[in-house]
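Hello,

Here is the structure for your files. Please look it over, then read the notes below it.

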Amino acid sequence: MTGTLITVAPTGAESSKAAVPALPVTLDELVVTAKECEALGAAIIHVHIRDDDAKPTLDQGRLRATVAGLRESTGLIVQLSSGGSVTDPEADRLAVLDAGPEMASCTMGTVNFGDDVFLNRWEFVVELHTRMQERGIVPEYEIFDLGQLTTLQRLLSSYGLPFGGHVHVDLVMGVPGGMPGTAEALVACRQALRDLPEGTTFSATGIGRSTIPVMLASLSAGGHLRVGMEDTVTYAKGQPVESNMQLVARAVGFAQLAQRPPLSPAEARALLGIPA
Ligand code: KMH
Ligand code: ZN
């Protein structure tokens, strides 16, 4: 079994800076976080950005500056979120690809998202997938529910493999409206992955209280890990997360215990079919 690919998702679009002061929201904060997480063992950074008021934005200038800043200061694989926030229009989400990341997320369907709806129409998913193929951007297919793996199968059989030829999915578990963050749900996804191209890899993240069960289940099932304050703002009962580094350090510890130490960014690029 290979080592563990660790993705850090440091910011997200859902938590406010006022409620979670440790959230990195400026480019400087993001770069410092990225450098420290890379030193600990992260290989990918999944990026959402904020404006001057710390509100989620898909501003093209900021996205480009973020990609450039992270490339200059780290060796991490920069994965921009094409999911944005639930209110972002499709055109802005597609334009994320213009900022030239190595990777971008690509969600496989619409899902209730707490009190909101995270809309991902089939035609929109196809557009994201095919634009990424054309531009040499490697997708991470985000899976919020079991049936979205069947949608991914349909997408790949109708429109072909992603750029680089390797398929990587991220199971986002425990979102209210999606699949639960349990070992049973992860095993069900693991079984369904057998219908995808040989060599397909997966990571998993559990929102909130499901963070630890999902990490342990993913490592046991041969999966990789995504951690960060996008998904987890409480470290343990009554203990707010102090930093993204705290979450990455815990993931690295679990990966080492599983005898699957963290992959370097270069090893991660080789695994995911991303040119060096
Ligand atoms: N913020 C969520 C609505 C992604 O980054 O691609 C969508 C999300 C998924 O976080
Ligand atoms: Zn995200």
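Two strands count as paired if DSSP finds at least two bridges between them. Helices (H or I, at least four residues) and strands (E, at least two) are DSSP runs, numbered from the N terminus. This is a predicted model: local features need pLDDT of at least 70, side-chain atom pairs count only at pLDDT 80 or more, and totals for chains, interfaces and linings use all residues. Residues are numbered from 1 along each chain as its sequence is written, and chains are lettered from A and ligands numbered from 1 in the order in which they are written.

Strand β6 first. Thr107 stands opposite Glu142 in β9. β6 and β9 (residues 138–143) run parallel, joined by 5 bridges. β5 (residues 77–80) also pairs with β6 in the parallel sense, over 2 bridges. There, Gln79 has Met103 of β6 as its bridge partner. In β6 (residues 103–107), 5 of 5 residues are buried (20 or more other C-beta atoms within 10 Å of a residue's own, C-beta atoms being placed from the backbone; 12 or fewer is exposed, in between partly exposed). Met103, Ser105 and Thr107 point one way, Ala104 and Cys106 the other.

Now Val233. This residue lies in the loop between β12 (224–227) and β13 (234–236). Val233 counts as buried because 20 other C-beta atoms lie within 10 Å. Its C-alpha is 8.9 Å from that of Ser243, 10 residues away in sequence. Leaving aside neighbours within four places in sequence, Val233 contacts Ser15, Val20, Pro240 and Val241 (contact: C-beta atoms, placed from the backbone, within 7 Å).

Best wishes

Note on methods: Contact = placed C-beta atoms within 7 Å.
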